Amino acid sequence: MNEYLLPNYYKKIAFGIGIVALLALIFKYLFVDLFIIEQTRLEWIIKNIILISLVGIVFSREKNESKKIKELRLQELKGALGFGIIILFFHSIQELIFWDGDYEMKSGYGLMVAMLLFHLVFFTYRKSKLKNNS
């Protein structure tokens, strides 16, 4: 199977952009009146930048990409997909139990961020355990 991953230096770029966007989101909530752009539009722009930076971090190649790391990446992506499915399943059950007259499904943005963060945390943790065992 061919893997098309971004070069390793994209991870550093995406991490820097993600931190700046996260700080901008915090700054936006502290100083509401300073921005010219409509608040909702600005929030969506910043959230999309955070999502893009998470995708850049997750899909960047490691410095020392080995066969074990490739297998671990695939395994953790499967786990993240399963985690997303579980979130949707429990959210649907919650909506059925606590129904208030209209259905509200989980947003795609929230689900993607949760899945990417799940992958990032568990891949990093298992990769560090793999390096310690070697």
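**Helix packing and salt bridges**

The crossing of H3 and H4 is right-handed. By definition, a crossing is left-handed if the near helix is turned anticlockwise from the far one by less than a right angle, and right-handed if clockwise. The contact of H3 with H4 involves 15 nonpolar, four polar and five charged residues. Here Ala, Val, Leu, Ile, Met, Phe, Trp, Tyr, Cys and Pro count as nonpolar, Asp, Glu, Lys and Arg as charged, and the others, Gly among them, as polar. Helix H3 spans residues 67-97 and helix H4 residues 108-133. They pack at an angle of about 145 degrees, with their axes 8 Å apart. Axes are lines fitted to C-alpha atoms, for helices over the stretch in contact, and angles run from 0 to 180 degrees between N-to-C directions. Helices are DSSP runs (H or I, at least four residues), numbered from the N terminus.

The model is predicted: local features need pLDDT of at least 70, side-chain atom pairs count only at pLDDT 80 or more, and totals for chains, interfaces and linings use all residues. Residues are numbered from 1 along each chain as its sequence is written, and side-chain values use heavy atoms, with hydrogens and water left out.

Now the charged pairs. A salt bridge is a side-chain nitrogen of Lys or Arg within 4 Å of a carboxyl oxygen of Asp or Glu. By this rule there are six salt bridges. One of them joins Glu43 and Lys28, at 3.8 Å from N to O. Glu43 sits in helix H2 (residues 39-58) and Lys28 in helix H1 (residues 9-30), so this pair ties together parts that are 15 residues apart in sequence. Glu43 and Lys28 are both buried. Buried means under 20% relative accessible area, exposed over 50%, and partly exposed in between (1.4 Å probe, protein chains only).

What else does Glu43 touch, leaving aside its neighbours within four places in sequence? Its contacts are Leu25, Lys28 and Tyr29, where contact means heavy atoms within 4.5 Å. Glu43 and Tyr29 are 14 residues apart along the chain, and their C-alpha atoms are separated by 9.4 Å.

A second salt bridge links Glu62 and Lys127, with the closest N and O atoms 2.6 Å apart. Glu62 lies in the loop between H2 and H3, and Lys127 in helix H4, so the pair ties together parts that are 65 residues apart in sequence. Glu62 is buried, at 9% relative accessible area. Lys127 is buried too, at 13%. The Lys127 and Glu62 side chains are also joined by a polar contact of 2.6 Å. A polar contact is a pair of N or O atoms within 3.5 Å; within protein, one must be able to donate a hydrogen and the other to accept it, and residues adjacent in sequence count only if both atoms are side-chain atoms. Leaving aside neighbours within four places in sequence, Lys127 is in contact with Glu62, Ile69 and Leu72.

Helix H4 supplies another partner. Arg126 forms a salt bridge with Glu76, the closest N and O atoms being 2.7 Å apart. Arg126 belongs to helix H4 and Glu76 to helix H3, so the pair ties together parts that are 50 residues apart in sequence. Arg126 is partly exposed, with a relative accessible area of 32%. Glu76 is buried, at 6%. Salt bridges that share partners also join Lys11, Glu62 and Lys127 into one network.

Next, the segment before H1, where Asn8 lies. Is Asn8 buried or exposed? Asn8 counts as buried, at 19% relative accessibility. A polar atom of the Asn8 side chain lies 2.8 Å from the backbone oxygen of Arg61. Leaving aside neighbours within four places in sequence, Asn8 is in contact with Arg61, Glu62 and Lys63.

Asn64 lies in the loop between H2 and H3. Asn64 counts as exposed, at 63% relative accessibility. Asn64 and Asn8 are 56 residues apart in sequence and 9.4 Å apart in space, C-alpha to C-alpha.

Finally, return to helix H3, where Ile85 lies. Ile85 is exposed, with a relative accessible area of 53%. Ile85 and Lys47 are 38 residues apart along the chain, and their C-alpha atoms are separated by 22 Å.

Technical notes: Helices (H or I, at least four residues) and strands (E, at least two) are DSSP runs, numbered from the N terminus.
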